[in-house]
Amino acid sequence: MLCKIPDIAEGVISLFASGRLSSSDYQQKLKPLIEQYRGEAGQVFLYVEADVLLEGWDANSLTGSGEVQLEKFEALVLVGGPDWFGNAVRLMGPFMQSDVAWFPLEEKSQAITWITARLEK
């Protein structure tokens, strides 16, 4: 499940993730938000807060058929989630073409500072 939460800062798409994410979460929720924010500001900054119940993407969403293909974004910060979540971000972050970071939930304020600093560049 992916749901919109109040923006943590103006210009930052703010989301909450839990359970297993699906291609409909992407197609019906995330993709339209990215298109809206890109159209309004010309840039996309993402804040995703997750609970420990996050399982990741449904395998059928990642079949290579193009169902889930995250569009270009300027920065993404992931907050909280299960233990593997932070490890995955640390592993894949260097391969991303944008700024990506992960913070444990208890460092949420640092995560907000991190993403808002990128808005000002």
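The model is predicted, so local features need pLDDT of at least 70, side-chain atom pairs count only at pLDDT 80 or more, and totals for chains, interfaces and linings use all residues. Residues are numbered from 1 along each chain as its sequence is written, and side-chain values use heavy atoms, with hydrogens and water left out.

Start with the overall layout. The chain has 3 helices and 7 strands. Both are DSSP runs numbered from the N terminus: helices are H or I with at least four residues, strands are E with at least two. Along the sequence, the pattern reads β-β-β-α-β-β-β-α-β-α. Of the chain's 121 residues, 42% count as buried. Buried means under 20% relative accessible area, exposed means over 50%, and partly exposed lies in between (1.4 Å probe, protein chains only). Take the contacts between residues at least 6 apart in sequence: 70% of them join residues at least 24 apart. A contact here means heavy atoms within 4.5 Å. The accessible surface of the chain is about 6,800 Å², and 55% of that belongs to carbon and sulfur atoms. Areas come from the Shrake-Rupley method with a 1.4 Å probe; for residues, only the protein chains shown count as cover.

Now turn to strand 6. Which strands flank it? Strand 4 (residues 45-50) runs parallel to strand 6 and is joined to it by 6 bridges. In that pairing, Phe-45 stands opposite Ala-75. Strand 7 (residues 99-103) also runs parallel to strand 6, with 5 bridges between them. There, Val-77 faces Ala-101. Strands count as paired if DSSP finds at least two bridges between them. Strand 6, helix 2 and strand 7 make up a right-handed β-α-β unit. Right-handed means that, with the strands pointing away from the viewer, the path from the first strand over the helix to the second runs clockwise.

Next come the charged pairs. The structure holds 6 salt bridges. Each is a side-chain nitrogen of Lys or Arg within 4 Å of a carboxyl oxygen of Asp or Glu. One of them joins Arg-20 and Glu-55 at 2.9 Å, N to O. Arg-20 is in strand 3 (residues 20-21) and Glu-55 in the loop between strand 4 and strand 5 (56-57), so this pair links distant parts of the chain, 35 residues apart. Arg-20 is partly exposed at 42%, and Glu-55 is partly exposed at 47%.

Another salt bridge pairs Arg-38 with Glu-74 at 3.6 Å, N to O. Arg-38 belongs to helix 1 (residues 23-41) and Glu-74 to the loop between strand 5 and strand 6, so parts 36 residues apart in sequence are tied together. Arg-38 is partly exposed at 27%. Glu-74 is partly exposed at 21%.

Asp-99 and Arg-118 form a further salt bridge, their closest N and O atoms 3.2 Å apart. Asp-99 sits in strand 7 and Arg-118 in helix 3 (residues 108-119), so the pair ties together parts 19 residues apart in sequence. Asp-99 is partly exposed at 33%, whereas Arg-118 counts as buried at 19%.

Finish at the surface. Leu-91, Met-92 and Phe-95 form a nonpolar patch with about 360 Å² of accessible area together. Patch residues have over 30% relative accessible area and no salt bridge; like charges are joined within 9 Å, nonpolar side chains (Val, Leu, Ile, Met, Phe, Trp, Tyr) within 5 Å. Met-92 lies in helix 2 (residues 83-92). Met-92 is partly exposed, at 45% relative accessibility.
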